[in-house]
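Reader: I would like a close look at one chain of this assembly and at what touches it. Please go slowly.

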Amino acid sequence: MAKIRGAIVVDIEKCKGCGVCIPACPNDVLELAKEVNGKGYNYCYMKKPEECIGCANCAIVCPDGVISVYKVKVA
Amino acid sequence: MEKELRLMKGNEAIAEAAIRSGADAYFGYPITPQSEVIEYLMLQKPYETTGMVVLQAESEVAAINMVYGAAACGRMAMTSSSSPGISLKQEGISYIAGAELPCLILNVVRGGPGLGTIQPSQSDYFQSTKGGGHGDYRLIVLAPASVQEMFDFVELGFDLAFKYRNPVMIQSDGIIGQMMEKVELGPQKPRRKPEDIAKQCPWATTGKPVTRGHNIITSLDLVAANQEKFNLKLIEKYKTIREKEVRYELINCDDAEYILVAYGSSARLCMKAMDLLRAKGIKVGIVRLITLFPFPSKILNELAGKVKGFLAVEMSAGQMVEDVELAVKCKAPVEHFGRLGGMIPSPEEIVEALEQKIIGG
Amino acid sequence: MSEIELKDIIKKENLVYERSKVMTDNVLSFCPGCGHGTAHRLVAEVIEEMDIQSETIGVSPVGCSVLMYNFMDIDMQQAAHGRAPAVATAIKRVMPEKFVFTYQGDGDLAAIGTAETIHACNRGENITIIFINNGIYGMTGGQMAPTTLPGMPASTCPFGRDVEIMGNPLKITELISQLAGVYYVTRQSVHTPRNVRSAKKAIKKAFENQKLNRGVSFIEIVSNCNSGWKLSPVAANKWMEENMFPFYPLGDIKVDGEIVSK
């Protein structure tokens, strides 16, 4: 059976670290980084990238539209 | 071609001129003594002929903001009201000036303050010429003295508004608005097509094609330095207007020893007063202001070196007279005569005022 | 099952979601977690999907979203406080073939602009009104809004809104749904993926309604103001569910000109 793998790319410098994306993820992939971006925000990143299914839930609730989503079927 | 002559009220002439000048939209709210403007438009139904939008708004506030919306689309938009209604419009006028939008605003002035009276007055001079709303801005202000000028100043007003991207006000009064005179009507001009508008108004918000960036109409700049720069640009624009758009009429000023300065209805009353004074052997001329802003300071200052005094005649407690004093720069005596609260001065009163305040003073 | 590396997933051909091209690259000026950004994005996505970027004119209000024109790559006008429905009325009247929307907060739409809102709705202007209700004046620093809940604190009702003194919150959405000129009224939110999808569908319907020329389509989005509410973004969304939604229940109120029976 084909498995779906996804990934997100966060525009780190535009992320404000609000964390709204984190509960939106069905697979608990996301977390705010310990590090901060240029504006001092703890930006979002994938702590468990292998769990991402590319559902885009995080991206569609992101108020700043800083998340791009990629998805691929893996045989 | 035969002239098209018609007997009409000043307010009707404005409305007819709006249709014939190819205006795109009129938004108004009834108030005496100017309700004939929208009544006439609704009777003529230009929305069925030229396609001009005519809409009675829920308030003067809404009407002026509708003008903002249409003007920001590059459209020839206008509104009309009378003094209390113009006070309500001031917020919108400030935004229109701040967004550099062209539009035409008619004020058929009545006596104030407050609800005041429905009778004619010229007590909105300060409001018209000094800005009126908040911030540093000016309107171009035209002052018709006849029904013919009510008609003619609509096209002139729109021309100036688009030339300078600035709101233009026609400051009339209850006399000019309500009285009937013979008017020679100009031809019906077609409304501009969308492609003409796009060419004339590349700044207009008509929908962003792929060929240009998005157009934004706003009066906001949160960066103080930018806002100052914008204000300086406005000042520069007003300077150009002051240099190029001053309009006035000199009547018997060549040999005049005394000058009556007046506009609109008052200028007509001064005509009779001048005749009475000249019959007495007193050499009087009239400077009739056609633009209240820009103010014809230069000619008044030049005349100040030749004459014995000026009488500013206006139906107010003394508003235009301040600009006359500034123009004359103490080179000659300047006095004011006016009636208030909707009272109209008689020519005899003007004669008496000149004799007592200037000649005898 | 073969493993796949991130670099093999993150390829142009695998892209399934990105920020709408109808938005500019400017960083949104909103506080972290503010629903305004999401609502902006949904409007942009709808315009992009309907391919009406060149035919859309938006009107931004006074308030937090005053700078909407910096974020949307469409022609926009900024209106005086509360006057957006009057401005939009004129835009639509002089260009009936275009898509025209206003985007207004609660203070703008339901306090200072109540007359313009009600009359544009009552005239049945063929426009879309997007109303962001977060129960507070955000831009000016958290003052009481017409939609502030009873008991809810704000800087001008620091001990909570006392309706005996300050009057009641205004359910303007229910009010305008009664007007004959209003064709579609719905109340949405944008704080969860499910709500975002529903809100987007509603916004799309509201824009598509303009083709029908049946009157106003009105979308309220109950949203958060974590700065004004003095909560973290995630906690603000939870507070919104527990407090705002019971008073401002989500769902369609009027569809295709008919009131939805509850």
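Between which strands of chain B is the loop in which Asn252(B) is found?

Author: The model is predicted, so that local features need pLDDT of at least 70 and side-chain atom pairs count only at pLDDT 80 or more, while totals for chains, interfaces and linings use all residues. Residues are numbered from 1 along each chain as its sequence is written, chains are lettered from A and ligands numbered from 1 in the order in which they are written, and side-chain values use heavy atoms, without hydrogens and water.

Asn252(B) is in the loop between strand E10 (248-251) and strand E11 (258-263) of chain B. Helices (H or I, at least four residues) and strands (E, at least two) are DSSP runs, numbered from the N terminus. The phi of Asn252(B) is near 55°, which is positive although the residue is not glycine. Most residues other than glycine have a negative phi, and most peptide bonds are trans.

Chain B also has cis peptide bonds. One of them joins Thr32(B) to Pro33(B), with omega about 5°. Pro33(B) belongs to the loop between strand E2 (25-28) and helix H2 (36-44) of chain B. Another cis bond joins Gly112(B) to Pro113(B), with omega about 0°. Here the loop that holds Pro113(B) runs between strand E5 (103-109) and H6 of chain B.

Next come the domains. Domain 1 of chain B covers 4-195 and domain 2 covers 248-359, with bounds from an automatic or database domain assignment. The C-alpha centres of domain 1 and domain 2 of chain B are 27 Å apart. Across the boundary, 29 residues of domain 1 of chain B are in contact with 23 residues of domain 2 of chain B (heavy atoms within 4.5 Å). About 2,100 Å² is buried between domain 1 and domain 2 of chain B, and carbon and sulfur atoms give 54% of that area. Buried area is the accessible area (1.4 Å probe) that two parts lose on being put together, summed over both. On the side of domain 1 of chain B, Gln122(B), Tyr125(B) and Phe126(B) lose the most area to domain 2, together 32% of what that side buries.

Charged side chains also meet across this boundary. Between domain 1 and domain 2 of chain B there are 3 salt bridges, each a side-chain nitrogen of Lys or Arg within 4 Å of a carboxyl oxygen of Asp or Glu. Within chain B, Arg288(B) and Glu149(B) form a salt bridge, at 2.6 Å from N to O. Domain 1 and domain 2 of chain B also share 17 residue pairs in polar contact, both residues at pLDDT 80 or more. A polar contact is a pair of N or O atoms within 3.5 Å; within protein, one must be able to donate a hydrogen and the other to accept it, and residues adjacent in sequence count only if both atoms are side-chain atoms. Among the elements that each supply at least two residues to the side of domain 1 that touches domain 2 of chain B are helix H6 (125-129), helix H7 (147-164) and strand E7 (167-173) of chain B.

The neighbour to describe is chain C. In this interface 35 residues of chain C are in contact with 34 residues of chain B. Chain C and chain B bury about 2,600 Å² between them, with 60% of it on carbon and sulfur atoms. The count of salt bridges between chain C and chain B is 3. Glu58(B) and Arg123(C) form a salt bridge with their side chains, at 2.8 Å from N to O. On the chain C side, the elements giving two or more residues include strand E2 (56-60), helix H4 (84-94) and helix H6 (114-123) of chain C. H4(C) supplies the largest share of that side, 7 residues.

Strand E9 (residues 216-217) of chain B and E3(C) run parallel and are joined by 2 bridges; strands pair if DSSP finds at least two bridges between them. Within this pairing, Ile216(B) stands opposite Met76(C) in E3(C).

Chain C touches chain A as well. There, 35 residues of chain C are in contact with 36 residues of chain A. The area buried between chain C and chain A is about 2,800 Å², and carbon and sulfur atoms give 64% of it. The count of salt bridges between chain C and chain A is 0, while 12 residue pairs are in polar contact, both residues at pLDDT 80 or more.
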